[in-house]
Amino acid sequence: MAYGILLFFVALAIVAIVLFLLLNIRTSKGLFIGLGALVVVGLVAFLLSSGSDVNPALLAKNGLTEGASKIIGAGCFTVYILCALAAIAIVYVEVARFFKK
């Protein structure tokens with residue numbers, strides 16, 4: 001019973017958030033752009049992942065498949081891409097601040 005009530009209120013909260021975002025699209029534009037960018041980065045990382053990113057012996061030991069290896073590699077590539085983008089943004093801001101003075 002308690003789990004059912006919890007599930008109901010979690011679903012209600014998610015519906016309220018989605019309705020707020022849909023009713024206020026102009027103010028939520030940045031959120032949608034950010035989510036779209038994350039989806040693009042995730043897709044690029046998934047396409048870059050070869051499926052042989054994890055040692056086959058380790059996969060066999062843990063009962064994982066090549067598909068799981070591809071997802072693990074995509075996660076690693078996603079982190080690499082986001083860290084590189086963060087570093088580029090930091091350098092850009094510092095250079096722009098230097099020339100602004």
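How are α2 and α4 oriented to each other? They are oblique to each other, a word kept for angles that are not under 35 degrees (roughly parallel), over 145 (roughly antiparallel) or 65 to 115 (roughly perpendicular).

Some ground rules before going on. This is a predicted model, where local features need pLDDT of at least 70, side-chain atom pairs count only at pLDDT 80 or more, and totals for chains, interfaces and linings use all residues. Residues are numbered from 1 along each chain as its sequence is written, and side-chain values use heavy atoms, with hydrogens and water left out.

Now the helix pair. Two packed helices are described by the angle between their axes and the distance between the axes. For α2 and α4, the axes come within 8 Å and cross at roughly 125 degrees. Axes here are lines fitted to C-alpha atoms, for helices over the stretch in contact, with angles running from 0 to 180 degrees between N-to-C directions. The crossing of α2 and α4 is right-handed, meaning the near helix is turned clockwise from the far one by less than a right angle. On the α2 side, the contact (heavy atoms within 4.5 Å) is made by L38, V41, G42, V44, A45, F46 and L48. From α4 come K70, I71, A74, F77, T78, I81, L82 and L85.

As for α4 itself, residues 66-100 make a helix of 35 residues. Helices here are DSSP runs (H or I, at least four residues), numbered from the N terminus. From first C-alpha to last, α4 reaches 50 Å, close to the 51 Å expected at 1.5 Å a residue; that expected span is 1.5 Å times one less than the number of residues. Its buried residues are S69, G73, A74 and T78, and what covers them includes α2 (29-48) and α3 (56-62).

S69 sits in α4 and touches S49, G51, S52, D53, V54 and L59, leaving aside residues up to four places away in sequence.

Buried means under 20% relative accessible area, exposed over 50%, and partly exposed in between (1.4 Å probe, protein chains only).

| Residue | Relative accessible area | Class |
|---|---|---|
| S52 | 57% | exposed |
| N55 | 48% | partly exposed |
| S69 | 0% | buried |

Finally, a look at G67. S52 is 15 residues from G67 in sequence and 9.2 Å from it in space, C-alpha to C-alpha. N55 and G67 are 12 residues apart along the chain, with 13 Å between their C-alpha atoms.

How values were computed
Helix = DSSP H or I, 4+ residues; strand = E, 2+ residues; numbered from the N terminus.
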